[in-house]
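Begin with the pairing, then turn to the core and the loops.

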Amino acid sequence: QVQLMESGGGLAQPGGSLRLSCAASGNIFTIGVMGWHRQAPGKQRELVAMITNGGTTDYVDSVKGRFTISRDNAKNTVYLQMNSLKPEDTAVYYCAAQRRCTGQYDSWGQGTQVTVSS
């Protein structure tokens with residue numbers, strides 16, 4: 001079992017920045033791809049960014065050029081650097097991990113609130 005804990009959410013001004021962190025514990029040797037998802041009120045959860053074991057990344061079009069996902073394997077931590085924030089980025093952000101044996105996001109954090117408002 002993998003446990004994930006997000007941190008770093010909060011309130012930011014439009015155009016501002018936040019960095020989210022996700023620390024993994026438990027059976028971390030089973031983790032493959034990790035990703036950040038977000039869910040705004042009344043909307044479906046969407047995948048925002050993902051990163052593979054080898055460091056390959058991908059992003060949803062709406063955040064390309066503004067968000068950067070990275071991972072520190074020594075710390076078992078994945079990050080999401082969010083720059084040039086917009087009000088539409090407001091959502092609960094969730095960290096998730098794919099188990100290598102399944103290729104699915106089987107482990108989820110509890111979420112951290114990001115609010116972008118003036």
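Two strands pair if DSSP finds at least two bridges between them. Strands themselves are DSSP runs of E with at least two residues, while helices are runs of H or I with at least four, and both are numbered from the N terminus. This is a predicted model, in which local features need pLDDT of at least 70, side-chain atom pairs count only at pLDDT 80 or more, and totals for chains, interfaces and linings use all residues. Residues are numbered from 1 along each chain as its sequence is written, and side-chain values use heavy atoms, with hydrogens and water left out.

Start at strand 5 (residues 46-51). Strand 5 runs antiparallel to strand 6 (residues 57-59), joined by 3 bridges. Within this pair, Met 50 has Asp 58 as its bridge partner.

Now look inside. A nonpolar core is a set of buried Ala, Val, Leu, Ile, Met, Phe, Trp, Tyr and Cys residues joined through side-chain atoms within 4.5 Å. Buried means under 20% relative accessible area, exposed over 50%, and partly exposed in between (1.4 Å probe, protein chains only). The largest core holds 28 residues, and Met 34, Trp 36, Leu 80, Met 82 and Tyr 93 touch the most other members. Strands that each supply at least two residues of this core include strand 1 (2-7), strand 3 (18-26) and strand 11 (112-116).

Which residues does Met 34 contact beyond its neighbours within four places in sequence? Among them are Leu 4, Cys 22, Ile 69, Val 78, Cys 95 and Tyr 105. Contact means heavy atoms within 4.5 Å.

Finally, the loops. Asn 76 lies between strand 7 and strand 8. Its phi is positive, about 50°, although Asn 76 is not a glycine. Ser 84 sits in the loop between strand 8 and strand 9, and its phi is also positive, near 50°. Asn 76 is partly exposed at 27% relative accessible area; Ser 84 is partly exposed at 40%.
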